[in-house]
Amino acid sequence: MLRFTEEIMLLLLDDEDGSFARVPDRLVRYALGGGVLMELALEDRIDTDLDKLVLVDNTPLQDSLIDPTLSDIAAATETHDTRYWLERTAARADDIREGSLRRLVEKGILAREEGRFLWVFRSRRYPALDGKAEKEVKLRIMEVLFSDKIPDPRDVVIICLADACGIFERLLASRELARATGRIEQVRKLDLIGQEVTKAIWDIEASLALAVQPHMY
């Protein structure tokens, strides 16, 4: 099974030339940080409500992408909200990104060309999470967005993160995005912690916009 952070990198990958979609770095960081938090939630390590994110189980997952954040949460002497942990996890996004790409290479899904930052598919397909089909993450997500198919919980998470971080704006043509907007909104409502992570990302972006605004005059 691929972790959310691995699937986010595949979602950003351009199939044609192995480059990555031009999404602002800070948004990619939020997507990766959110992916880690969502992984912890689905693994029943954390829970969240409108005011706080709480530790449920501090047992390590033996996963270098996820466990550092779990350790941070377990070691905290105060309770914090989702936004706090999103920003803290996003601060280590470089390690999360490189670790995710390295795993995709080790699994034979991607190949890296001679140390350059150019990635290409070695295997264009990998098993879907239900074990019944082989589909790329983009095909899975597009199928959810443009059909009435009931989404897998993990696909709901990817859609929440991609929407919050503006990834769909880079992946879809304007007409496709307009067509998918209602469906994206519908899917986002299916996951409570996904809603909290999305809200945290939007709150951070709103705060950044307010901080920049006075300098525009």
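Is Lys 199 buried, partly exposed or exposed? Lys 199 is partly exposed, because its relative accessible area is 43%; buried means under 20% relative accessible area, exposed over 50%, and partly exposed in between, with a 1.4 Å probe and protein chains only. This is a predicted model, in which local features need pLDDT of at least 70 and side-chain atom pairs count only at pLDDT 80 or more, while totals for chains, interfaces and linings use all residues. Residues are numbered from 1 along each chain as its sequence is written, and side-chain values use heavy atoms, with hydrogens and water left out.

**Nonpolar core**

- The largest nonpolar core has 59 residues; such a core is a set of buried Ala, Val, Leu, Ile, Met, Phe, Trp, Tyr and Cys residues joined through side-chain atoms within 4.5 Å.
- Helix H2 (residues 25-42) gives the most to this core, with 10 residues; helices (H or I, at least four residues) and strands (E, at least two) are DSSP runs numbered from the N terminus.
- Among the residues with the most contacts inside the core are Leu 40, Leu 104 and Ile 159.
- Leaving aside neighbours within four places in sequence, Ile 159 is in contact with Ile 141, Val 144, Leu 145, Phe 168, Ile 184 and Val 187, where contact means heavy atoms within 4.5 Å.

**Helix H1**

- Helix H1 (residues 4-12) is mostly covered, as 9 of its 9 residues are buried.
- The buried residues of H1 include Phe 4, Glu 6, Glu 7 and Leu 12.
- Leu 10 is found in helix H1 and counts as buried because its relative accessibility is 2%.
- From C-alpha to C-alpha, Leu 10 and Leu 110 are 9.1 Å apart in space, although 100 residues separate them in sequence.

**Salt bridges**

- The count comes to 21 salt bridges, each being a side-chain nitrogen of Lys or Arg within 4 Å of a carboxyl oxygen of Asp or Glu.
- Arg 103 forms a salt bridge with Asp 63, and their closest N and O atoms are 2.7 Å apart.
- This pair links distant parts of the chain, 40 residues apart: Arg 103 is in helix H5 (residues 93-106), and Asp 63 is in the loop between strand S2 (53-55) and helix H3 (67-75).
- Arg 103 is buried, with a relative accessible area of 19%, and Asp 63 is buried as well, with 6%.
- Arg 103 and Asp 63 also belong to a network of salt bridges that includes Arg 3, Glu 39, Glu 43 and Arg 154.
- Arg 188 pairs with Asp 163 in a salt bridge whose closest N and O atoms are 2.9 Å apart.
- Arg 188 lies in helix H9 and Asp 163 in helix H7 (residues 153-164), so the pair ties together parts that are 25 residues apart in sequence.
- Lys 199 forms a salt bridge with Asp 203, at 3.0 Å between the closest N and O atoms; both residues lie in helix H10, 4 residues apart, about one turn of the helix.

**Asp 191**

- Asp 191 lies in the loop between helix H9 (174-188) and helix H10 (192-212).
- Asp 191 is buried yet has no salt bridge, and the nearest side chain of opposite charge, Arg 154, is 10 Å away; Lys and Arg count as positive and Asp and Glu as negative, while His and the chain ends are not counted.
- Not counting residues up to four places away in sequence, Asp 191 touches Met 38, Val 156 and Val 157.
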